[in-house]
Amino acid sequence: RAGPGGVARASLGGGLLAFGWMTRGRRPLYSALLQGGGVAGLFVSAFAAHAVYDLTSQTAVFVQLVFVSTLAVGLAVTQRIETLAIVGVIGALAAPQMVGGTIDMFPGDAGYVAVVLLGVGVVLYHFDWRWLYGTAAVASGVWSRGAGPVPPVVTTRATPALTNARSSGSTDSTPSGTTRPS
């Protein structure tokens with residue numbers, strides 16, 4: 001149903017990650033960019049498999065997103081790349097929101113954020129990464145304010161407003177016969 005596009009995105013993300021890992025000794029900045037792109041590709045693939053194509057359950061995609069986040073932070077610590085750790089922490093804190101739900105089982109939402117922040121604390125104990133600290137503080141603050149689940153990004157069905165606008169050739173997005181309030 002998803003076609004080869006989903007497989008291609010995941011393969012591209014994994015390929016970028018692997019190629020970045022192999023070039024880390026010769027070209028560290030290029031390697032970090034490739035690994036960051038690979039991690040982003042894996043995030044997009046997991047999110048699209050659930051939100052766009054409805055191929056995986058919320059639990060499965062949540063586990064995938066947490067795994068990719070953990071992988072990103074692990075690579076960052078191994079190579080001392082703070083920006084890759086930031087991407088991993090943002091992904092970890094965004095994972096429940098990206099799957100459009102809350103964590104119903106123990107430890108719940110607050111417990112999950114606490115575990116992520118505990119992991120950030122362990123990393124910060126070993127490295128003086130101030131941007132990681134700031135990002136974790138801001139992201140957890142936004143998360144705790146109840147940003148709510150992410151609405152569907154792509155819909156396969158056209159809304160009546162878009163259908164009417166397309167059929168009439170109009171660029172106005174209001175349905176026929178309705179007016180915008182002044």
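Me: Which helix gives the largest share of the lining of the largest pocket?

Reply: Some ground rules come before the case. This is a predicted model, where local features need pLDDT of at least 70, side-chain atom pairs count only at pLDDT 80 or more, and totals for chains, interfaces and linings use all residues. Residues are numbered from 1 along each chain as its sequence is written, and side-chain values use heavy atoms, with hydrogens and water left out. A helix is a DSSP run (H or I, at least four residues), numbered from the N terminus. A pocket is an open set of points on a 1 Å grid over the protein atoms alone, where a 1.4 Å probe fits, with protein on both sides within 12 Å along at least five of seven lines; lining residues have an atom within 4 Å of a point. Here α5 gives the largest share, six residues. Helices α3 (58-79), α4 (82-98) and α5 (108-126) each supply at least two.

Me: How much space lies in the largest pocket?

Reply: Volume is the space filled by probe spheres set on the points, joined across faces, edges and corners. The largest pocket holds about 300 Å³. Of its 15 lining residues, Thr70, Val73, Ala92, Val116 and Gly119 are the closest to its centre.

Me: Why does Tyr30 count as partly exposed?

Reply: Partly exposed lies between buried (under 20% relative accessible area) and exposed (over 50%), with a 1.4 Å probe and protein chains only. Tyr30 counts as partly exposed because its relative accessibility is 35%. Tyr30 sits in helix α2 (residues 28-51).

Me: What share of the 182 residues is buried?

Reply: Buried residues make up 34% of the chain. The chain has seven helices and zero strands.
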